[in-house]
Amino acid sequence: MKNLKTAKSNEPGFNIIEFSQYKNVECQYTCQFIKNSRCVKIRESENEVTVAVAKSKLDTIKLLAQVHEPKQIRHIIVNDSDFAEFIGNFVDNTAEGFSCRKEADSEYRLEDISGEAPAVNIINAICLEAIRRSASDIHIQGTKDSVNIRLRIDGVLQTVRVFNKGIFDTLTSRIKIMSGLNVMENRLCQDGRMSVQTGGKNLDFRVSIVPSVAGQNIVLRLFNNENENLSLENLGFSKENLSKIKMVLKSPHGMILATGPTGSGKTTTLHALLKEMDDEHLKIVAIEDPVEKVINGIEQIQVNDEIGLTFESVLRRILRHDPDVIMVGEIRDRETAQLAVRASLTGHLILSTLHTNDSISAVSRLRNLGIEPYLIAGTLKTVIAQRLVRKTCVPCKGKGCEECGFTGYKGRTAISEVFSLDDNFRAMIEKNKPETELKKYLIKQGFKTLKEDAALKIKSGISTKKEIMREGLL
């Protein structure tokens with residue numbers, strides 16, 4: 001048609017970042033029309049109308065050309081997910097008329113657009129932005145006057161949206177419906193899980209809601225169920241540490257421990273170790289809380305303390321299932337520690353985590369959990385301590401650009417220290433030598449500490465001194 005004109009931004013590369021420049025759009029189409037046709041009028045002049053159209057509804061363009069005769073139609077083609085995010089963020093987000101209804105399906109398509117409940121569009125938009133920006137968590141925090149939406153990106157919280165306090169209850173209700181929680185309960189803590197679909201992929205969010213003086217606070221932890229590249233090589237370990245880790249994977253029994261604070265990437269490292277193993281000829285079982293990534297060829301069990309399905313109880317029973325390798329998500333108590341040691345003594349390779357500040361402290365932590373020194377010396381193979389720091393953005397070299405959200409960082413890498421036990425070190429553990437002596441011995445053997453590995457990351461330009469200091473490593 002002669003009055004049909006394609007926007008320049010229809011070229012490859014047009015995305016939600018460019019799309020969001022139209023956030024001051026005056027929507028003149030009805031919500032139902034937007035939902036059904038997936039198009040929105042961006043602006044209109046004397047001779048031209050600019051509309052944004054989702055890829056799945058390009059046939060709408062001809063209809064719009066007829067509606068707006070004799071004006072020309074200039075159209076911008078966007079991905080369905082970008083269109084849904086745009087609608088949720090910028091169109092019809094007033095508190096009036098909000099309502100939430102439970103859909104028939106247990107999985108929710110984030111690209112869907114609701115013409116009746118803007119809360120649906122807002123939550124979809126928030127989730128889509130979190131996925132697009134590779135956020136690990138979404139924080140929905142009610143205050144006295146507003147609702148703050150914050151994303152944890154590369155370990156750092158960033159405020160991305162601020163809404164009027166009036167929509168908080170409807171946003172909360174929508175999340176509770178999606179995660180199967182009690183919509184009427186506002187006084188107690190609630191935990192749930194919601195499954196969503198976007199771009200043909202299935203993703204899970206772990207939902208945690210706690211009451212506060214300002215209402216309720218909500219945190220959504222994003223888990224990607226799709227198999228990801230968990231190669232040890234791309235986690236950031238130095239060649240020396242990587243060699244030590246790969247060497248111990250050949251052991252038929254014993255314990256491999258990953259240590260560090262919450263959020264330091266311990267579970268990701270253990271998953272990468274499991275991926276390195278021969279699951280065709282080994283029976284590998286992982287006991288986790290929660291199951292963050294589904295790995296083909298590995299039996300994964302999620303614990304549930306409320307019904308007595310604890311690490312200790314599952315580990316006790318899984319030993320009867322003839323496993324070769326067992327991953328225990330975390331050694332939290334004496335019973336689990338004792339079972340893990342016993343399993344490693346009876347021909348199993350045990351992988352687990354401990355909350356300690358460095359690798360050497362794992363020995364003391366096991367002692368405190370009631371494990372005899374001779375058992376520690378006889379079962380412990382290798383300890384990995386790690387932290388995660390943000391990587392310098394390659395395109396802008398840390399100066400800040402659109403690709404990294406103008407932070408100067410993109411992605412994270414591991415700062416690590418790794419030691420494996422030799423006969424002398426085992427003898428020192430059996431004699432109950434203090435941590436200071438153990439560390440001195442390892443350093444003489446060439447052991448590199450977390451601080452030394454961090455310094456190498458700065459020198460090579462992988463990260464910055466400011467970022468390393470933020471993590472308390474310098």
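Visitor: Which residue follows α6, and what is its phi?
Guide: G180 follows α6, and its phi is positive, near 70°. Before we go on, this is a predicted model, where local features need pLDDT of at least 70, side-chain atom pairs count only at pLDDT 80 or more, and totals for chains, interfaces and linings use all residues. Residues are numbered from 1 along each chain as its sequence is written, and side-chain values use heavy atoms, leaving out hydrogens and water.

Visitor: How do you know how confident the predictor is?
Guide: By pLDDT, the predictor's confidence in each residue, from 0 to 100. The chain averages 83, and 83% of the residues score at least 70.

Visitor: What makes α6 a helix, and how covered is it?
Guide: Helices (H or I, at least four residues) and strands (E, at least two) are DSSP runs, numbered from the N terminus. The chain has 16 helices and 18 strands. Helix α6 covers residues 168-178, and nine of its 11 residues are buried; among them are F168, L171 and I175. Buried means under 20% relative accessible area, exposed over 50%, and partly exposed in between (1.4 Å probe, protein chains only). Of the 474 residues of the chain, 50% count as buried.

Visitor: Why is T392 called buried?
Guide: T392 has a relative accessible area of 15%, so it counts as buried. This residue sits in strand β17 (residues 380-392).

Visitor: What is T392 in contact with, beyond its neighbours within four places in sequence?
Guide: Contact means heavy atoms within 4.5 Å. The partners of T392 include K397, Y409, G461 and I462. With G461 there is also a pair of polar atoms: the backbone oxygen of G461 lies 3.5 Å from a polar atom of the T392 side chain.

Visitor: What makes a group of residues a nonpolar core?
Guide: Such a core is a set of buried Ala, Val, Leu, Ile, Met, Phe, Trp, Tyr and Cys residues joined through side-chain atoms within 4.5 Å. The largest one here has 38 residues, and F419 and F425 are among those with the most contacts inside it. Helix α10 (residues 334-345) gives the most to this core, with five residues. Apart from it lies another core, of 30 residues, including I123 and L171. In soluble globular proteins, nonpolar side chains tend to be buried together.

Visitor: Why is the pair of F419 and F447 called edge-to-face?
Guide: Rings of Phe, Tyr and Trp (its six-membered ring) pair if their centres lie within 6.5 Å; planes under 30 degrees apart count as stacked, over 60 as edge-to-face and the rest as tilted. The centres of F419 and F447 are 6.4 Å apart and their planes stand at 75°, so the pair is edge-to-face. It links distant parts of the chain, 28 residues apart: F419 is in strand β18 (residues 409-420) and F447 in the loop between α14 and α15.

Visitor: How do you know that F419 and F447 are buried?
Guide: F419 has a relative accessible area of 1%, so it counts as buried. For F447 the value is 4%, so F447 is buried as well.

Visitor: What makes the pair of F419 and F425 tilted?
Guide: The centres of F419 and F425 are 5.3 Å apart, with 55° between the planes, and the pair counts as tilted. Ring pairs link F419, F425, Y441 and F447 into a cluster.

Conventions: A polar contact is a pair of N or O atoms within 3.5 Å; within protein, one must be able to donate a hydrogen and the other to accept it, and residues adjacent in sequence count only if both atoms are side-chain atoms.
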